[in-house]
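The entry is shown first.

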Amino acid sequence: MRKFKCSICGYVYDESVGIPEKGIAPGTKWEDIPDDFTCPMCGAPKNLFELIDEAAPSATVSINDDAVHADNTEDLKELSPGEISAICSNLARGCEKQRLTAEMEAFRKIADYFKSKAVAESGGTLDDIAKMLDDDLTNRLPAANVAAKADADRGALRSLIWSEKVSMMMKTLLDRFAKEGDKMLENTNIYVCDICGFIYIGETPPEICPVCKVPKFQIIQVERR
Amino acid sequence: MPAYRNIRLCSKDCLCLYVCPTGATDTENSIIDVTKCIPGCMACVNACPSGAISMVPGKYPPQQPKTEAVVAAQRALELSKVQQEQMANAIVVSSDSAVTRQFAAAIAKSNLRMAEDILRESGYMLPQSDKVRELLEAMLDNTAPDFPKDAVELLLNQL
């Protein structure tokens, strides 16, 4: 009997236990579970589960060296308005935590100003977003992980783990939306974790965020307008 | 270092009220009166059975050093997230379908949260850090009529 782990939230499917409450009897082999199975904890699809191989050495990262060099030598241009806006909106949240109300409002004002100056470079369809996201997952994220590991930069590694999981889930949803279109969301709700950005589709949000583990009051519904 | 009450945790046990030497915790709006609070006193923090009161630090630790290699790699990723956010926001404005707009709004917000988090870990975590001051100082040159220069000046004076 084998075990499979969800790469997004860490939920473990144990063949010997099954998921009786979902109609999956104990002893059900992984390959006998339908392809439309999703993680009961976070909604990740079956293909994001990995076999837990207890004998295997810990996973090693192999990445395209050219990609690392391309990213590291990329011209460090001035920060774009969108980036300054993101820095300042996050500093506003930081000031809120430090109970600095006037400073929080000042950072919000600056963030809003730069947000109004930030416009999408290309027209941009959901398909274009999916392509950039693919590139994040295959190049930019592994390159950043290698750099952060080399420096034992724990803070950077922590944020990269979250953004890798959130990106993988987003990619899955973009792929589903490309196939199913508006039907994907017509009769259900969509939520975004206000801390890490994890996107969840379902009637009610999970008790805790499957990625960053904050309680559900921080997982905010996105309304249909 | 004044005390702060987390209203989410406060279960109105009101022990803070009995131990506070100055009455700083005795307020209608549940917010501790910092003008009465004695910095470093800790009486209410130690008395609260709900663990709802903590001290706001007067000083924050310096920003940890970040190497150029890490910052450059984070930059490439964060810039991509910011661009995806902007593309998604453009779809929110232009799409005819309410469901597509809703989905794009979720994508935009998710990208913003990721970008913010990566930027936070690339040297912009604390509002009081040198890197933030440099960023604000550079903004003083902005002469656009709609630019909120007063906000930048307030931050440079107070942080």
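The text below takes the chain interface, then the domains of chain A, then a surface patch of chain B.

The model is predicted. Its chain A and chain B meet through 85 residues from chain A and 72 residues from chain B. Nine salt bridges are counted between the two chains. One of them joins Glu83(A) to Arg75(B), with 2.6 Å between the closest N and O atoms.

Chain A is assigned domain 1 (3–51), domain 2 (66–77 + 122–180), domain 3 (81–117) and domain 4 (187–225). Between domain 1 and domain 2 of chain A, seven residues of domain 1 are in contact with four residues of domain 2. Of the area that domain 1 of chain A buries against domain 2 of chain A, 69% is supplied by Ser7(A), Ile8(A) and Leu48(A), more than by any other three residues. Zero salt bridges are found across this domain interface.

The size of an interface is often given as the accessible area lost when the parts come together. The values for the two interfaces are as follows.

| Interface | Buried area | Share on carbon and sulfur atoms |
|---|---|---|
| Chain A and chain B | about 6600 Å² | 65% |
| Domain 1 of chain A and domain 2 of chain A | about 490 Å² | 74% |

On chain B, Leu15(B), Leu17(B), Tyr18(B) and Val19(B) make a nonpolar surface patch of about 390 Å². Val19(B) lies in helix α1 (residues 15–19) of chain B.

How values were computed. Residues are numbered from 1 along each chain as its sequence is written. Chains are lettered from A and ligands numbered from 1 in the order in which they are written. This is a predicted model: local features need pLDDT of at least 70, side-chain atom pairs count only at pLDDT 80 or more; totals for chains, interfaces and linings use all residues. Side-chain values use heavy atoms; hydrogens and water are left out. Patches are made of residues with over 30% relative accessible area and no salt bridge: like charges are joined within 9 Å, nonpolar side chains (Val, Leu, Ile, Met, Phe, Trp, Tyr) within 5 Å. Accessible areas come from the Shrake-Rupley method with a 1.4 Å probe; for residues, only the protein chains shown count as cover. A salt bridge is a side-chain nitrogen of Lys or Arg within 4 Å of a carboxyl oxygen of Asp or Glu. Helices (H or I, at least four residues) and strands (E, at least two) are DSSP runs, numbered from the N terminus. Domain bounds come from an automatic or database domain assignment. Contact means heavy atoms within 4.5 Å. Buried area is the accessible area (1.4 Å probe) that two parts lose on being put together, summed over both.
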